[in-house]
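Here are some notes for a colleague who has the coordinates open.

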Amino acid sequence: MTAAAIPPTVTEPVRRRARLGRYALWQFGDFGVNVAIITLILFALLGVMFLMNQDAQIAYLASRKMKMPLEAKLQSFTMLLTMFTTVAPFIAMSGVFATDRSNGYTRFLFSKPMSPVRFYAQSVLVRLIGYLAVGCALMLVWSRYSPPGISLRFVADLTGAFFAIGGIIFLLSVVTRYDGLIAIVFVLVSAIAWDKWEQATGLRRAVTYLVPPIGKMKATHAWFLGLNDIGSLVDVPFPTKWFLWTSGYGLACLVLGLVLMRKVSLTKS
Amino acid sequence: MIEFKAVSKTYRSILGTSVPAVVDFSLEIRDGEILGLAGPNGAGKSTLIGLLLGYLSPSAGSVTIDGQLPRAYIERYGIGYLSELVTIPPAWHTENALKRYALLAGVEPAEVQSRVDAAIGLLGLDEHRKKLIKQLSKGNLQRVGLAQALLCDERILILDEPTHGLDPMWTQRFRDLVLSLRRPDRVVFIASHNLDELQRISDRVAIIDRGRLQRVVDLKTRTVGSQAAPYRLVVASGVEHVRGVFPDAVPAEPNEFDLPERSLEELNRQLVELISRGGLISSVAPMHTALEQQFREAIAQ
C-alpha cells in the first residue's frame with residue numbers, strides 16, 4: 001500500500017472509550033493466575049494444619065470421654081481468620097499500581113482512551129471480588145470439617161478487612177514501588193501503637209490516633225463468630241465504631257490514592 | 001495539531017538537585033505531517049515523548065493536542081504509541097495481549113478478533129500468535145509493540161525508536177508502512193537515532209540536544225544540491241588521474257578516496273574531468289546524508 005492509495009479525507013477525531021467492562025474478564029483471569037492460586041494453596045495448607053491440630057485435641061478429649069466445645073473450635077478458627085484477613089489483602093493488593101509503573105506496563109495501557117483512575121478503580125473492584133471468592137471457597141471447604149459456616153457476616157468481615165488493609169497498600173502503591181514492604185511495617189507499627197498507647201495521653205495518643213486501629217478488626221471477627229472477649233458464645237453487637245474506623249481509614253487511603261494518581265508520573269522515568 | 005509552547009521540564013531529586021531535561025522547547029506539528037525527532041543520547045527525546053503522552057507534567061510552558069492537554073485528548077480519543085522499550089507482561093500470549101489492547105483501545109468486542117488478525121498479518125506475527133511474550137525475540141517483540149499501536153485507526157501516532165531490533169527486511173517494511181499511514185488529518189511523530197530512516201520518511205526533522213531544540217530540518221523543501229557535502233569516490237581504473245583532478249582527495253582504501261566538502265556542481269565538473277582523462281568511476285556517494293550533516297552541525301553548535 002502506498003500513500004497515494006489512501007483517500008485524502010480530513011475527519012474529526014472519533015471519541016472512543018476503552019471497553020473496561022469486557023477487560024474485567026482479563027483482570028479476573030490475571031487475579032486467578034497471580035493471586036488466587038497462591039492464596040488458595042497457602043490458606044488450604046494452613047487450614048489443614050489447624051484441622052490436624054484440632055483433630056489431635058478432639059482425639060485427646062475423646063480419650064477422656066470429653067467433647068471439644070464449639071467455643072474452642074471457633075477460637076481456634078479466629079486465629080486462622082485473623083491470618084487470612086491480614087495476609088490475603090496484602091497478596092491481593094500488593095503492587096497494584098507500582099508493579100505496572102515500575103515494569104513500564106503503563107506505557108501502552110494509558111495511550112488508550114481511558115483514565116488511569118477508572119482502570120485502577122476497576123482493578124481494585126476485581127481484586128475485592130476475587131479475594132471474597134477465594135475467602136468463600138476456603139470457608140466452604142472448611143465448613144465441611146469444622147464450624148463456622150459461610151454467612152453474610154463472614155462476607156462483611158472480609159470486606160471490611162480488605163478495605164482496611166488494601167486501601168493502605170493502594171495509596172502506598174501510587175507513591176512508591178515498595179508498597180508491600182512499607183505497608184507491612186505500617187500495619188505492624190499501627191498494631192503495636194494501638195496495643196501500647198491506646199489509653200496514653202499527649203503526643204503518644206496523638207500519634208496512635210493518626211494510624212489505623214488495625215488490631216480492632218478482631219471486633220468484627222468476634223461479631224461474625226459470636227464470641228466475646230472471654231471466649232463465650234453470645235450475640236456480639238456489630239462494632240460500628242471500629243469497623244468504620246479501620247475500613248474508613250483504608251477507604252480514605254484508597255480514594256486519596258486515586259486522586260494522587262492524577263498527580264504522579266505514570267511512568268517510572 | 002500538536003503544539004509545544006515554551007516547554008521546559010526539570011527533574012528534581014529529594015536532595016534538591018535539579019536536572020533540566022527539556023528547556024524552552026517550542027514546536028508545532030501540523031496535521032498530515034510526519035515529523036522526526038533526532039538527538040543524541042540524553043538529549044531529552046524520551047522526556048518530550050513523556051510530556052506529549054501526559055505521563056509527565058511540564059515544569060513550564062504547555063503541550064497541547066488539538067488544543068487539549070495531552071491526557072484529556074488521549075483519554076477521549078486514544079493515540080497509537082510505540083515505546084522505545086516494548087514492555088508487555090511476559091506471561092501474556094501475543095494474540096491475547098493484542099486482544100487486551102484492542103479492547104482498551106475501544107474496539108467493539110465483535111471486531112476485536114478481526115482487528116487483531118489484521119494487525120498480526122500486517123506485522124507478520126502469525127507464527128508467533130500463540131507464543132508467550134517472553135519467548136519472542138527482540139525484533140518480534142518490537143513488531144508486537146507496533147501492532148498494538150496500529151490496532152485502531154488513530155489520528156496521532158507516536159513511535160519511539162520504531163525500528164530498534166528490526167532486521168533490514170522489516171526495517172524496510174516499516175518505512176513502507178509508515179508512508180502508507182500518511183493521511184491529511186494524521187500526525188506521525190517518530191523519535192529515532194537512525195537519521196537515514198528519518199530522512200526517508202519524515203517531512204521535517206526536529207533536532208534536539210541538551211534539552212533544547214537546535215533546528216528543524218525541512219526535508220520536503222530542501223534541495224539536495226544546495227548543500228555542500230563530503231563524498232566517497234571509488235574508481236575502477238585511472239587511479240593515477242584522481243590526484244590531478246581532485247588535489248584535496250584523501251586515499252581511504254585501495255581505489256577509494258574521501259573528497260572533502262564541495263557543492264554538487266563542483267563535484268560533477270570534476271567527475272567529468274576525471275572521466276575525460278580516462279578514469280572509470282565505480283561509485284560516488286555522499287559520506288553523510290544531508291540530514292546527518294545538518295545533525296552534525298546542530299550538535300556541534
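1. In what follows, two residues count as being in contact if their C-beta atoms, placed from the backbone, lie within 7 Å. The model is predicted, and on this criterion 32 residues of chain B are in contact with 33 residues of chain A. On the chain B side, the elements that contribute two or more residues are α1 (45–52), α2 (70–77), α3 (94–104) and α6 (168–180) of chain B. By residue class, that side of chain B is made up of 17 nonpolar, eight polar and seven charged residues.

2. Within chain A, helix α2 (residues 70–93) and helix α5 (residues 116–143) have axes that come within 10 Å and cross at roughly 140 degrees. Angles over 145 degrees count as roughly antiparallel, and α2(A) and α5(A) are therefore oblique to each other; the crossing of α2(A) past α5(A) is right-handed.

3. The contact between these helices brings A:Phe84, A:Ala88, A:Pro89, A:Ala92 and A:Met93 of α2(A) against A:Arg127, A:Gly130, A:Tyr131, A:Val134 and A:Gly135 of α5(A). Seven of the residues in this contact are nonpolar, two are polar and one is charged.

4. In chain B, strand β1 (residues 2–12) runs antiparallel to strand β2 (residues 18–29), to which eight bridges join it, with B:Glu3 standing opposite B:Glu28 of β2(B). Five residues lie between the strands of this hairpin, where B:Gly16 takes a positive phi near 100 degrees.

5. Strand β1(B) also pairs with strand β4 (residues 60–65) of chain B, in the antiparallel sense and over five bridges; here B:Lys5 stands opposite B:Ser62 in β4(B).

Conventions: Residues are numbered from 1 along each chain as its sequence is written. Chains are lettered from A and ligands numbered from 1 in the order in which they are written. This is a predicted model: local features need pLDDT of at least 70, side-chain atom pairs count only at pLDDT 80 or more; totals for chains, interfaces and linings use all residues. Helices (H or I, at least four residues) and strands (E, at least two) are DSSP runs, numbered from the N terminus. Ala, Val, Leu, Ile, Met, Phe, Trp, Tyr, Cys and Pro count as nonpolar, Asp, Glu, Lys and Arg as charged, and the others, Gly among them, as polar. Axes are lines fitted to C-alpha atoms, for helices over the stretch in contact, and angles run from 0 to 180 degrees between N-to-C directions. Angles under 35 degrees count as roughly parallel, over 145 as roughly antiparallel, 65 to 115 as roughly perpendicular and the rest as oblique. A crossing is left-handed if the near helix is turned anticlockwise from the far one by less than a right angle, and right-handed if clockwise. Two strands pair if DSSP finds at least two bridges between them.
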